[in-house]
Amino acid sequence: MAFSQRLHEIRTGFSSNFWIANTLELFERMAFYGAKAVLVVFLAERVGLNEEAGTLAGIFSGLIFSLPIVAGVLVDRYGFKKTLMACFFIFCIGYFLIGLAGMQYGESIVNVVGKKAYALSVLILTAVGGSLIKPCIVGTVAKTTKPEAKALGFSVYYTMANIGGAIGPIVALYVREDWGIEYVLIMSSFTSFLLFLGAWFFYREPVDHSNEVVEKRTLGKVFADMLLVFANFRFMIFLVIFSGIWIMFWQIFYLIPFYARTVLDFKAFEWFETVDAAGIILLTVPMAALVKEWKPITAMTLGFIFASFAWILIGTVPTVWATVAGIALYALGEATQAPRFYEYVSNLAPRGQTGTYMGFAFLPVAIGSFSAGAVSDWLRLNYLDTNPALMWYIVAGIGFTSTTLMILYNLYLAPKPQES
């Protein structure tokens with residue numbers, strides 16, 4: 001597509017509500033990844049939950065990425081605007097309550113409830129609010145984009161989300177250094193409050209101009225659809241295998257901060273956490289063009305290989321720049337596989353069930369987060385002080401195991417062209 005044609009699409013293909021929704025997404029991702037950048041360190045060192053900090057953070061992210069399957073029902077029932085405002089309101093309260101656990105004012109409350117019980121409760125509350133945003137923003141993009149600009153619209157959405165993901169940890173670094181780590185959570189709370197006001201005053205309920213009749217989903221319908229997906233054994237095996245790449249990904253937030261400070265003596269660990277998002281922004285388009293003629297499963301397997309070797313590099317060369325290079329290599333793997341993953345899932349969906357199957361596309365992220373939290377705690381407590389290189393080789397081993405399983409899946413379980 002010519003550059004002038006792409007500019008024409010940008011000018012005419014989207015409504016003002018499209019840009020409002022994507023701006024809200026950018027700042028919400030900034031708040032989320034700012035909080036995520038310091039969450040494990042905050043829970044371990046400020047709250048005093050050293051042995052289960054990664055597990056708790058894994059539950060938080062896992063719920064955020066698994067609950068949208070059900071949260072879409074609320075969007076259907078209450079509309080985009082009300083649901084989006086509820087998301088930001090819960091985020092505002094939730095981030096504040098998490099931060100309160102590390103402040104002197106909150107000590108009495110935390111001690112009455114108990115550290116672990118308090119942390120788990122407020123993390124679940126915040127995750128419930130966070131699960132509401134994806135159906136709202138993705139749905140707005142779909143409804144406010146002209147048909148000929150759909151692909152570009154979702155590219156804009158993906159880019160805005162990653163820009164927020166890249167900026168968030170940097171903002172968190174300066175807030176942590178100037179005010180204290182607990183104020184990173186307070187910053188995310190305040191940002192969510194501003195987003196609540198922005199959604200209230202500027203966001204408009206999107207109007208679907210298509211003639212397509214869309215069935216309103218109920219909880220009963222959602223669970224019935226979920227049973228259909230769970231009954232597809234081969235698809236579920238694929239999703240579980242694919243979660244391996246996300247077990248590796250979350251170590252950037254769960255393990256790298258401790259490694260950076262303990263082994264590399266690099267206190268500004270948030271810089272490492274922004275490398276992946278920045279790499280995705282720079283690498284996704286060129287890698288998509290490079291492997292566009294490949295079979296999706298081949299591109300995904302190559303992405304797994306890149307992502308797995310990243311941790312070998314980090315473990316073999318314990319320096320700041322090697323760690324940056326390793327995370328950049330992981331980003332290259334993610335950029336190689338991500339677009340083809342969604343294409344593959346859509347192709348696997350039986351006729352009439354594409355929406356249901358695409359709703360499960362976030363399931364590997366959730367499985368990966370739940371698993372990565374416990375894995376990170378085990379690795380940190382057993383190897384960080386004694387053999388940090390082995391810690392990263394084990395992470396790489398998870399990746400190479402997933403790569404091998406992906407190859408075996410393609411040989412023996414993947415649907416043949418006539419089956420898909």
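1. Domain bounds here come from an automatic or database domain assignment. For the protein chain, that assignment gives domain 1 (1-217) and domain 2 (219-419). The model is predicted, with local features requiring pLDDT of at least 70, side-chain atom pairs counting only at pLDDT 80 or more, and totals for chains, interfaces and linings using all residues. Residues are numbered from 1 along each chain as its sequence is written, and side-chain values use heavy atoms, leaving out hydrogens and water.

2. The C-alpha centres of domain 1 and domain 2 are 21 Å apart. Their contact (heavy atoms within 4.5 Å) takes 41 residues from domain 1 and 37 residues from domain 2.

3. Between them, domain 1 and domain 2 bury about 3,200 Å², of which 70% is on carbon and sulfur atoms. Buried area is the accessible area (1.4 Å probe) that two parts lose on being put together, summed over both. In domain 1, Phe 65, Ile 69 and Tyr 158 lose the most area to domain 2, together 17% of what that side buries.

4. Helices are DSSP runs (H or I, at least four residues), numbered from the N terminus. Helix α16 (residues 296-316) packs with helix α20 (residues 388-412) at an angle of about 165°, their axes being 8 Å apart. Axes are lines fitted to C-alpha atoms over the stretch in contact, and angles run from 0 to 180 degrees between N-to-C directions. Helix α16 is therefore roughly antiparallel to α20 (an angle over 145 degrees).

5. Helix α2 (residues 16-47) and helix α8 (residues 133-143) pack at about 150°, with axes 9 Å apart; α2 is therefore roughly antiparallel to α8.

Definitions and conventions:
Helices (H or I, at least four residues) and strands (E, at least two) are DSSP runs, numbered from the N terminus. Angles under 35 degrees count as roughly parallel, over 145 as roughly antiparallel, 65 to 115 as roughly perpendicular and the rest as oblique.
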